[in-house]
Amino acid sequence: MGLAENELCYDLVQEWLKNNPKASICSAEGVYEFRDIAIFQDYHGLPEFRNAVANFMGRVRGNKVTFDPDRIVMSGGATGAHETIAFCLADPGDAFLVPTPYYPGFDRDLRWRTGVQLVPVVCDSSNDFKITRQALEAAYEKAQEDNIRIKGLLITNPSNPLGTFLDRDTLRSLVSFINEKNIHLICDEIYAATVFAGQPDFISISEIIEADNAIECNRDLIHVVYSLSKDMGFPGFRVGIIYSYNDAVVSCARKMSSFGLVSSQTQHLIVSMLSDDEFVDKFIAESAKRLATRYKLFTRGLGQVGIGCLKSNAGLFLWMDLHELLKKQTFEAEMELWRVIINEVKLNVSPGSSFHCPNPGWFRVCFANMDDQTMEVALSRIRTFMLKNKEPTRPKKTLCWKNSLRLSFSSSRRIDDFMMSPGMTPHSPLAQSPLVRART
Ligand SMILES: Cc1ncc(COP(=O)(O)O)c(C=O)c1O
């Protein structure tokens, strides 16, 4: 439950792979393409790959905008895309504004090797974590007072960890803000196809700058980061995309992409899969349906024991409010509760402090990387915990569960989001770069 992974539609992908053996150069049907694919190494990527990805990005956004394949730049996941963008736009010491709470991986991706800083824009629970002009101005002014040069604003839409997406007015106001300050806007839309409910639909930044006449904007300032890690559930494929409206950034990022290309074998497979419009449409619709069902079951289960969540309609997680369970409204108390949840309840949820959340007591709960049975186990553990917690006469020790149920997860997995494991502290130690300076 600490991993934002999407495994709910793997059956559809497996079915497609069985029906399309030619898509792989490792099958008897597809091996004839082996030579061409194995030798391919152009950093522009296979032209069919860029076409297929551009088409997919449009479909995911309801075909309200089109994407130019010549602006698609490859990277090693969104992780690589963020770093490349940071290298392109900023010098060491420069900074990007980032609204809170935000994906902790940004502290690594944008900072470690670039020397760039992140300045939080404090958005809190008082207005459901909305990004206001006031909060943006306050962060910008504070940075100026501290002599920090702000080069851009980084948003995640839909948000990790909130599971919400931005409305048109907020997007317009963000565009006006960055335009006035003449700084860049990087939009991480990695969760675009995880939207499972809501009217109006998800609005991409591309729609705002291309189809919204109400807004004037210097397009050179706009950049989209995307990947197939969440929408398709392929984080292992490392298919990341930088889509920039700025020619200089496209050109620079493309040259730098040599450091993190997508393997030609993966490109080849993705071309076939994403060019199958019928499959893609079915996948997107079915994935949204399954995510909605999960969300409903989970929030209902939590609601039954009095746990509230931020109302959301996208993403692979819930933003759970446990502030009433804290002994004090502090981050120390949040850590204490988190350790109980990890060690006694035996659920690996992530504390809000690791997302730089300004209010203690919030936890992110991922719900799309387990089967129904495991979900039931998770819910029953939470239920029992809450019920025991409500019995004030019991000595506290009875909360130490000796539960025979075990959730298992492979230890070799990448710890997504830097998520915490017992023993770590919330302001993730991994936020510091592991690079060491050579002494000689
Ligand atoms: C908002 C956000 N951006 C980027 C990433 C990294 O994605 P990728 O696996 O494509 O590198 C994640 C992963 O959790 C994420 O949540």
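Figure 1. With 8 C-beta neighbours inside 10 Å, P434 is classed as exposed (buried means 20 or more other C-beta atoms within 10 Å of the residue's own, exposed 12 or fewer, and partly exposed in between, with C-beta atoms placed from the backbone). The model is predicted: local features need pLDDT of at least 70, side-chain atom pairs count only at pLDDT 80 or more, and totals for chains, interfaces and linings use all residues. Residues are numbered from 1 along each chain as its sequence is written. P434 belongs to the segment after α13 (helices are DSSP runs of H or I with at least four residues, numbered from the N terminus).

**Figure 2. Residue K390 in the segment after α13.** K390 is also found in the segment after α13 (372–389). K390 is exposed, having 10 other C-beta atoms within 10 Å.

**Figure 3. Helix α4 and its surroundings.** Helix α4 covers residues 77–89, 13 residues in total, and reaches 19 Å from its first C-alpha to its last. This is close to the expected 18 Å (1.5 Å times one less than the number of residues). Because 12 of its 13 residues are buried, α4 is largely enclosed by the rest of the structure. Among the buried residues are H82, E83, I85 and L89.

**Figure 4. The shell around the ligand.** Of the 16 residues around the ligand, G77, A78, T79, S227 and S229 come nearest (a residue is near if its C-beta atom, placed from the backbone, lies within 6 Å). Helix α4 gives the most to this shell, with 3 residues. The shell comprises 5 nonpolar, 8 polar and 3 charged residues (Ala, Val, Leu, Ile, Met, Phe, Trp, Tyr, Cys and Pro count as nonpolar, Asp, Glu, Lys and Arg as charged, and the others, Gly among them, as polar).

**Figure 5. Packing of α4 against α9.** Helix α4 packs with helix α9 (residues 247–256) at an angle of about 125°, their axes 10 Å apart (axes are lines fitted to C-alpha atoms over the stretch in contact, and angles run from 0 to 180 degrees between N-to-C directions). The two helices are therefore oblique to each other (angles under 35 degrees count as roughly parallel, over 145 as roughly antiparallel, 65 to 115 as roughly perpendicular and the rest as oblique).
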